[in-house]
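Please examine the sequence and the structure shown below. The paragraphs that follow lead from a single residue to the chain as a whole.

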Amino acid sequence: MNKQETVQVIALLAGNYNSIAEKNSSQKRLMVNTWLECLGDLEYKLVLQAVKKTIIESPYPPTIHEVRKNAIELMKPEQTKTAIETWNEAYRMICNGIYMTEEQFNQASPEVKNFFGNVRQVTELAKTNIDTVNTVVKGQFLKQYDILVQRKKQQRLLPKELKEFTEQLVEQMDIRELEENYG
């Protein structure tokens with residue numbers, strides 16, 4: 001989305017919400033710049049549809065977060081399994097874990113793979129007492145699952161430039177830690 005398209009989005013919002021229409025020119029300019037910076041990586045038509053969806057859903061002016069969330073959901077509707085459905089997948093993996101191959105592990109859902117980390121973890125859990133698996137491991141999984149789903153949702157909302165910037169920061173921090181520890 002470019003600046004002219006962002007101005008059109010803000011004009012649409014101003015036509016529907018007095019609080020936006022009543023802003024002075026410097027406030028509107030700041031709003032256009034902020035919205036462009038935070039939504040500029042998305043296509044104009046997608047943002048327009050997300051804004052319209054938000055206008056229909058709420059009597060209050062939308063935030064960038066709401067518009068971005070709606071845009072992402074329009075692009076990639078969420079098809080998240082429930083925590084119990086995902087636990088059942090993890091449990092089946094544990095039950096077959098002694099014989100599990102790397103290929104079988106790689107076919108699991110991202111949340112399950114993230115929880116286990118690698119096929120060795122599944123193999124170790126397969127050797128654990130089944131009561132421990134059904135109580136302790138299940139509790140840990142369900143707690144971790146909610147955290148993973150929330151983190152995934154938050155990551156989907158970030159603009160591409162912010163994701164790249166964050167990755168660069170993490171990379172720089174890893175390099176600094178290596179230099180401090182082994183330099």
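**From one residue to the whole chain**

E164 is partly exposed, with a relative accessible area of 38%; partly exposed lies between buried (under 20%) and exposed (over 50%), with a 1.4 Å probe and protein chains only. The model is predicted: local features need pLDDT of at least 70, side-chain atom pairs count only at pLDDT 80 or more, and totals for chains, interfaces and linings use all residues. Residues are numbered from 1 along each chain as its sequence is written, and side-chain values use heavy atoms, leaving out hydrogens and water.

E164 belongs to helix α11. Together with E37, E161, E167 and E171, E164 forms a patch of negative charge on the surface. Patch residues have over 30% relative accessible area and no salt bridge, with like charges joined within 9 Å and nonpolar side chains within 5 Å; a salt bridge is a side-chain nitrogen of Lys or Arg within 4 Å of a carboxyl oxygen of Asp or Glu. Helix α11, residues 160-182, contributes the most to this negative patch, with 4 residues.

Helix α11 also holds L162, which is partly exposed at 38% relative accessible area. L162, F165 and L169 make up a nonpolar surface patch with about 260 Å² of accessible area together.

The chain as a whole has 11 helices and 0 strands, where a helix is a DSSP run (H or I) of at least four residues and a strand (E) one of at least two. Of the 183 residues, 32% are buried. The C-alpha atoms fill a box of roughly 65 × 50 × 25 Å along the principal axes.

Key. Accessible areas come from the Shrake-Rupley method with a 1.4 Å probe; for residues, only the protein chains shown count as cover. Lys and Arg count as positive and Asp and Glu as negative; His and the chain ends are not counted. The place of a charge is taken as NZ of Lys, CZ of Arg, CG of Asp or CD of Glu.
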